[in-house]
Amino acid sequence: MKRIGIMGGTFDPIHVGHLMLGHQAYKEYDLDSVWYMPSKTPPHKRDHRITSSEDRCAMVEAAIRETPYFRLSDFEVRRTGGNTYTADTLRLLREEYKDTEFYFIVGADSIHDIEKWYRPEYVLRAVTFLAAGRECEEQKRSLDTQIEYLKEKYGARIMRLHCMEIDVASADIRERIASGEPVEGLIPQPVYRYIKEHGLYL
């Protein structure tokens, strides 16, 4: 069985935190590769203006070009229809790649909010989750407590990634670029060049 990590997200734009989690997952869990999979129409962002999938895929490709075990996957953006739910994506991946064990790389917020996802009972049994965390004061329980709760209730397979999430968000990067503030160290240089060349986030 191949061991593939999946890093999903809007990637609007992809930033150093996304790359750091991919590197850690690859090394810590002996993965064959990590697929960066831009989402098409995230249901929770229907009221947001999202950069075109072409631009977001191009930025991901620019960010991962020098890492041989990273791969851009357009599995979600080329799907037809409306919203792209994680449950549907995982079902289709399992049908298409029967010789592959998938590991879904997520942050602490996803683990705390996952019961709000579409069909969480399926999602939590369909794939192994690799969870990186930063403890958030606003959460009612610790990440480890939440993981144990999900394991007991759903039979979920969740393992910790031994690295902390970087406190950086794509929304903050977009705001900084729009206001002319520096983003050095937050996004890879090839991504910044692409943003400048195509006039994104102005």
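Both Y36 and F70 are buried. They form an edge-to-face aromatic pair, with 5.0 Å from centre to centre and 70° between the planes. Y36 belongs to strand β2 and F70 to strand β3 (residues 70-72), so the pair ties together parts that are 34 residues apart in sequence. The model is a predicted one.

**Aromatic pairs**

- The structure holds nine aromatic pairs.
- One of them joins W35 and F102: the ring centres are 5.8 Å apart and the planes meet at 65°, and because an angle over 60 degrees counts as edge-to-face, the pair falls in that class.
- W35 sits in strand β2 (residues 33-38) and F102 in strand β4 (residues 100-107), so this pair links distant parts of the chain, 67 residues apart.
- W35 has a relative accessible area of 4% and is therefore buried.
- F102, at 7%, is buried as well.
- Y36 and F70 also take part in a cluster, in which ring pairs link them with F11, Y26 and Y69.

**Charges over rings**

- W35, already paired with F102, also has the charged end of R71 over its ring, 4.1 Å from the ring centre.
- R141 lies over the face of Y149, and here the distance to the ring centre is 4.5 Å.

**Nonpolar cores**

- In soluble globular proteins, nonpolar side chains tend to be buried together.
- The largest nonpolar core in this model has 32 residues, of which I14, Y36, M59, I105 and I195 touch the most other members.
- Two or more residues of this core come from each of α1, β2, α2 (53-64), β4, β5 (128-132), α7 and α8.
- The greatest contribution is that of α2, which gives four residues.
- With neighbours within four places in sequence left aside, I14 is in contact with L19, Y36, M59, V60, A63, I187, P188 and V191.
- Another core lies apart from the largest one and has 28 residues, including Y122, V123, L124 and F129.

**Helix α7**

- Helix α7 spans residues 170-178, and its buried residues are S170, I173 and I177.
- Viewed down the helix axis, these buried residues fall within an arc of 55°, so they line one face of α7.
- An α-helix has 3.6 residues a turn, so residues three or four places apart point the same way.
- The cover over the buried residues of α7 includes α1 (16-28) and α8 (189-198).
- After α7 comes G180, which has a positive phi, near 80°.

**Loop residue T51**

- T51 is located in the loop between β2 and α2.
- Its relative accessibility is 15%, and because buried means under 20%, T51 counts as buried.
- The side chains of T51 and D12 are joined by a polar contact of 2.6 Å.
- If residues up to four places away in sequence are not counted, T51 touches D12, R56, L200 and Y201.

How values were computed: Residues are numbered from 1 along each chain as its sequence is written. Side-chain values use heavy atoms; hydrogens and water are left out. Rings of Phe, Tyr and Trp (its six-membered ring) pair if their centres lie within 6.5 Å; planes under 30 degrees apart count as stacked, over 60 as edge-to-face and the rest as tilted. Buried means under 20% relative accessible area, exposed over 50%, partly exposed in between (1.4 Å probe, protein chains only). A charge sits over a ring if NZ of Lys or CZ of Arg is within 6 Å of the ring centre and within 35 degrees of the ring normal. The arc is that of the directions from the helix axis to the C-beta atoms. Contact means heavy atoms within 4.5 Å. A nonpolar core is a set of buried Ala, Val, Leu, Ile, Met, Phe, Trp, Tyr and Cys residues joined through side-chain atoms within 4.5 Å. A polar contact is a pair of N or O atoms within 3.5 Å; within protein, one must be able to donate a hydrogen and the other to accept it, and residues adjacent in sequence count only if both atoms are side-chain atoms.
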